[in-house]
Amino acid sequence: MTMAREEGSTSKRGNGIVGVLREVHNKWERRAPVTPAHCARLLNAEHGVKRILVQPCTKRIFPDAQYEEVGCEITPDLSDCGLLLGIKRPEELLPERSYAFFSHTHKLQPENMSVLDQVLEKRISLYDYELILGEHGERLVAFGQYAGLAGMIDLLRGLGERFLSQGFSTPFLSLGSSYMYTSLKEAKQAVLAVGEEIKNAGLPLGICPLIFVFTGTGNVSQGAQEMFRLLPHMFVEPSELQSLVVPGASMSQQRARGARVGKSQFQVYGTVVLPQHMVEPIDSLKQFDKADYYAHPDQYRSVFAKTIAPYASVIVNCMYWERRFPRLLTNDELQELHSKKMCRLLAVGDITCDIGGSIECVREITAIESPFLRYDPEMGEIHKDMNGEGIIFLAVDCVPTELPKEATKHFGDVLYPFLGSMAHASSPEENLVPIQNACIAHNGKLRPLYEYIHRMRQSQDTIDKLWKKWGTNVLNFFFFICQFGEQVSLSGHLFDQYLINEALDVICDGGGRFQVATFKVGQSDAETSHADLQVEADSEEALNGIVNKLAVIAREGRNKQYCNGHAIYSRTTKQSLLQKLKDRGSTGGPQVLILGAGRMCEPAVKYLSDGQFITPKNLQQPVHVRVGVVVASLYLSDAEKVVEGIPNATAAQLDVSDGAQLRELISEANVVISLLPANCHVAVANACIELKKHLVTASYVSTEMDNLNEKAKRAGVTLLCEMGLDPGIDHMLAMKMIDKAHARGGRVQSFVSYCGGLPAPTAANNPLGYKFSWNPSGAIKAGRNPAVYLYQGKKVEVAGEDLFASAVPLRLQNTPAFALERLPNRDSLSYGDLYGITNEAATVFRATLRYEGFSEIMAALGKIGFFKMDPLMLTANDAPSSGLTYKAVLELLLSQFPEHPIQFSASETNTVSSNASWIANKLTSLGCCKDSSVAFKAANCIRWLGLDAEESIPEACKNAFEVLCHRMEQRLTYAPNEQDMVLLHHELEVVFDDGHPSEQHTATLLELGETSEQGTELLVRPQSAMARTVGLPVAIAAQLLLFEDVILRGVLRPLHSEIYQPALAILTALGIKVEEHVEIF
């Protein structure tokens, strides 16, 4: 390629003329930075460009003619252009222009430093696509998802060929490589067709279950999983793999063991493994800690070969790896698995293309035209066919180029908003901020954000010279010339978020000097980098000051979005937060204050005071931290009853209206949990804000509480509300499901949620099928609240007096044995706003669960008048209710119907059956029930509750509602060994705009209360399901705040992944499990 060079030194930057370079370094590079459609918009926009010159290229995905049709000029000479756009490094650089391409220089990649030297020499403005970041630090021009999509298609295609070589015909054989399809949509249709065949005809039993293991959760993994989900599939946790298959077992052995062989023939299985599933600390006394792992990988060993590899059919490797980390799978481990007949592994798709990396057998890059090689574990040899023993692997390093049309559109969509200003900008400052920050060099100088490149290269040059002289003793040389020196290791997103600049500035501003000892860079935005610096100072005090400031940068870096694994450490061990808590625990702190001593309190006290915390970083082995718990109640005896026999827990008397006493108790705590009535929370919250203490409640956020948001933020305080069951776990499950759907590009078309606290079936032994563990007035009043919801795009409103009558029978697929009914639950529309689905969902419906028949009986009691709050008066003389019997109250309520007064006759009360029949007939004739069958149920309930008894009502009962509540509290209570039950069920219908079939996602939580035999010794009484599902979430929230796993401030609900992800993981580890299913339709 030849380009005319301009004469003189006059810059052409900002002249409004754009050039599109042709790609010459790779025959498969068919992408372009802009499509013809983007060019047309640029040429016709008010603030667009003057001209667009396109170098001719016969392999570009969009033909030259299409560019020419929209007004572009096709010419090899781009010397008139001020802005030149390419994908990879241009063949030649013209001086004093602006260039945009992937330069791969900002991480000091040595193979590209010569390009940077040319840029500086020719005074070029260099813009790197990799550095164009969004407002949260995310890369805007990123092709990881396309790599995952294309790599997964190629892998499935190769899998079909590999199965054929082993004698199995599968639907995968019909697939082509990604580049063989004219579009991504066409490729997806092909995968969907494969999925349909699997669903209908099944896979050969000899290869089932077919298990795909995905490593990592970044864009590459998301793309690969998106393609995988087009197949009939089920995702399982890594810990569940052993339930799917017996390594080395025959099909008959698997059937005997009970593995899901039959079902597995018609679907494939997937699991996503994270670092905690891959490695374990070498020190058996330590627990896995992600930050510690990134900082000290040499202190961990891989367990992948034991816990994951024996069950995997296919490994889809989507994670970044560098050599200081343990390998996932070594050649020796593969050989051992193979020799012991414990290896089911058929294929490895190393989409990240780490040669000799995390999977050691991947030793060669493969080509798009021949993407597979075969590795024989027994011989340690690589072959170019698929017909022998071993594992096939794919390791194509330019796989996004297989989807050039979609990749080019993505390129142009991201660049388009910036190109007008870039074309007319003579300096970086004239561009929008994301482009300014993506400029590495201008007019022969590195931009301030990238000055570290010069400093690091200078240091590296010094090291290289000294290495020649001193060899491996180079670090001893530094200690020799400087009395005060220390090796400091930096790990994390050092360059993507410019932490390296901050670190070097701290060293230099503190009077120190540095030399680079080792230096390794991550090659993508999901990958971390690592550097060892030898830091020197003239005094120990100055050195300590530098190291301490570097630690602050690391801590702040961990709190930024899109960061993970930041660590700055040195020979001086830095004390961790958990260690500080442990140390404080030995001297009496930290402390959690729980306000309220009801039954919800007991599980929270037990969990917090036990001192063995399950953390999101290590769900298998608890962290031991001694935490003191204080339970405060208006009645000291109630608090003492809760803490009796529980170590580290004490009781206190508190009148919450006594502000001084309240603040005194709060001042001694680290975190406060309020289980008081909702109207007390605001006073507690104000005291917490004043004393800068975090607060957790299980109650709804009131208007008064919401008004404290800014005040709490200014104080650096978290007020975490709605952290029980409903609200609480329901929020967390909903957001987990919705966020997953959105992350995959789906829209939530319907959200339906059911929740209820019920007796276990064996305890539902009364006409209502319901029991109370506290005063029933609240639950009855809730059944009189109006409701509003959205159903198929229409707003539906239900008046409070009609709520029980609106109940509808319900059978849930996951619990078909339960005969249930559902009642609309208050304002469902507000949840559309909370969950961010108002603009996409046609149905948003929340309901309360009861056993079938409950509502029609309650509706009858309401019609009779038992929900009335008016004072009871004898109709004869309007005398007060004193001396009334339950039977007289029933007569009084029935006599108020306009038809005629009612009197019981002596003959009609001789037997229960005749009395119930008489009551039923009267309820039918008065219109209290819709038919005679309901009337008989209501009559039996009245008899069972004793609402027709010749007993005097208590003097405290002043109205019919209080009479009903008193009788229910007497008759509808749990016997000592009866269990309650909590049932929570979410249903989401998810639709996709890209042709992906619609999906129904369900999540079901079913929890039974303990019996006296199950209750732990330390508890005064067994834990009910309701107590566990309210008490444990508030305790977990207190733990997350105590350990600083939650750093959000203000008034919060558990709608943020920072809260719901660890909380749900810990709940699962504690035995409160959720069954999740996805059905494609």
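Predicted model: local features only at pLDDT ≥ 70, side-chain atom pairs only at ≥ 80, totals over all residues.

Q: Start with helix 4. How far apart are its end C-alpha atoms, and what span should its 22 residues have?

A: The ends are 31 Å apart. Helix 4 covers residues 144–165, and at 1.5 Å a residue it should span 32 Å, so the two values agree.

Q: Is helix 4 mostly covered or mostly open?

A: Mostly covered. Of its 22 residues, 18 are buried.

Q: What follows helix 4?

A: Gly167 follows, with a positive phi near 95°.

Q: New topic, helix packing. At what angle do the axes of helix 20 and helix 34 cross?

A: Roughly 40°, and the axes come within 7 Å. Helix 20 is residues 601–610 and helix 34 is residues 1025–1042. That angle makes helix 20 oblique to helix 34.

Q: Left-handed or right-handed crossing?

A: Helix 20 passes helix 34 in a right-handed crossing.

Q: Which residues make the contact?

A: Helix 20 uses Pro603, Ala604, Tyr607 and Leu608. On helix 34, the contact residues include Ala1027, Arg1028, Gly1031, Leu1032 and Ala1035.

Q: And how do the contact residues divide by type?

A: The contact of helix 20 with helix 34 has 10 nonpolar residues, 2 polar and 1 charged.

Q: Switching to peptide bonds. What joins Cys208 and Pro209?

A: A cis peptide bond, with omega about -5°. Pro209 sits in the loop between helix 5 (184–201) and strand 7 (211–215).

Q: What about Asp726 and Pro727?

A: A cis bond joins them too, and omega is about 15°. Pro727 is in the loop between strand 30 (718–720) and helix 26 (729–743).

Q: OK, then where is Glu96, and what is its phi?

A: Glu96 is in the loop between strand 4 (83–85) and strand 5 (98–101). Its phi is positive, near 50°.

Q: Buried or exposed, that Glu96?

A: Buried, because its relative accessibility is 11% and the cut-off for buried is under 20%.

Q: And Lys692, buried or exposed?

A: Exposed. Lys692 has 56% relative accessibility, so it counts as exposed. Its phi is positive as well, near 55°.

Q: Where does Lys692 lie?

A: In the loop between helix 23 (681–691) and strand 29 (694–697).

Notes: Residues numbered from 1 in each chain as written. Heavy atoms only, no water. Helix = DSSP H or I, 4+ residues; strand = E, 2+ residues; numbered from the N terminus. Expected span 1.5 Å × (residues − 1). Buried < 20%, exposed > 50% of the residue type's maximum accessible area, 1.4 Å probe, protein only. Axes fitted to C-alpha atoms, helices over the stretch in contact; angles between N-to-C directions. Parallel < 35°, antiparallel > 145°, perpendicular 65-115°, else oblique. Left-handed = near helix turned anticlockwise from the far one by under 90°. Contact = heavy atoms within 4.5 Å. Nonpolar A, V, L, I, M, F, W, Y, C, P; charged D, E, K, R; others polar.
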